[in-house]
Amino acid sequence: MVCEKCEKKLSKVIVPDKWKEGASNTTEGGGRKINENKLLSKKNRWTPYGLAKCIICKQQVHQNAKYCHTCAYSKGVCAMCGKQVLDTKFYKQSNV
């Protein structure tokens with residue numbers, strides 16, 4: 001759960017776009033070599049789960065977020081910036 005402002009900050013997906021001409025993650029524009037082994041290449045690999053951890057439960061989070069999805073939904077805040085997004089006052093939630 002992210003706010004509209006942080007939704008623009010989300011990084012790109014790994015799979016290439018179907019629309020090739022304007023796509024930024026295809027091989028045609030010099031993005032990557034053909035038959036390149038990603039495990040053996042020495043480039044910075046994309047890691048969805050980096051070193052960031054949730055502030056509340058210390059679980060690993062993705063894309064430089066502050067809260068994991070579970071904690072963000074239970075608190076009703078944006079996972080990336082912590083801004084109040086949802087009013088969970090009358091929700092019946094458990095802390096399991």
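The following dialogue walks through some features of a predicted model.

Me: Where do I start, and how many helices and strands are there?
Reply: Start with the secondary structure, then its order along the chain. In this predicted model, the protein has 2 helices and 2 strands. Taken in sequence order, the pattern is α-β-β-α. Helix 1 covers 4–7 and strand 1 covers 49–53, strand 2 covers 60–62, and helix 2 covers 69–75.

Me: How do I read burial for the whole protein, and what share of the residues is buried?
Reply: A residue is called buried when its relative accessible area is under 20%. Of the 96 residues in the protein, 20% are buried.

Me: What share of the contacts joins residues at least 24 apart?
Reply: For this reading, take the contacts between residues at least 6 apart in sequence; 23% of them join residues at least 24 apart.

Me: Let me try a single residue. Is Tyr67 buried or exposed?
Reply: Find its place, then its accessibility, then its partners. Tyr67 sits in the loop between strand 2 and helix 2. Tyr67 counts as buried because its relative accessibility is 18%, and the cut-off for buried is under 20%.

Me: Which residues is Tyr67 in contact with, beyond its neighbours within four places in sequence?
Reply: The partners are Cys54, Ile55, Ile56, Val61, Ala72, Val77, Cys78, Ala79 and Gly82.

Me: Where is Thr88, and is it buried or exposed?
Reply: Thr88 lies in the segment after helix 2. Its relative accessibility is 17%, so Thr88 counts as buried. Not counting residues up to four places away in sequence, Thr88 touches Tyr73, Ser74, Lys75, Gly76 and Gln93.

Me: What does the contact look like from the side of Lys75, and which residues does Lys75 touch?
Reply: Lys75 belongs to helix 2. Leaving aside neighbours within four places in sequence, Lys75 is in contact with Ile56, Gln84 and Thr88. The C-alpha atoms of Lys75 and Thr88 are separated by 6.9 Å, and the two residues are 13 apart along the chain. Lys75 is partly exposed, because its relative accessible area is 48%.

Me: How far apart in space are Glu7 and Met80?
Reply: Compare separation in sequence with separation in space. Glu7 and Met80 are 73 residues apart in sequence, and their C-alpha atoms are 9.1 Å apart. Glu7 is in helix 1. With a relative accessible area of 48%, Glu7 is partly exposed.

Me: Last, the backbone. What is phi of Lys58?
Reply: Phi of Lys58 is near 60 degrees, which is positive, and Lys58 is a residue other than glycine. Lys58 is in the loop between strand 1 and strand 2. At 54% relative accessibility, Lys58 counts as exposed.

Conventions. Residues numbered from 1 in each chain as written. Predicted model: local features only at pLDDT ≥ 70, side-chain atom pairs only at ≥ 80, totals over all residues. Heavy atoms only, no water. Helix = DSSP H or I, 4+ residues; strand = E, 2+ residues; numbered from the N terminus. Buried < 20%, exposed > 50% of the residue type's maximum accessible area, 1.4 Å probe, protein only. Contact = heavy atoms within 4.5 Å.
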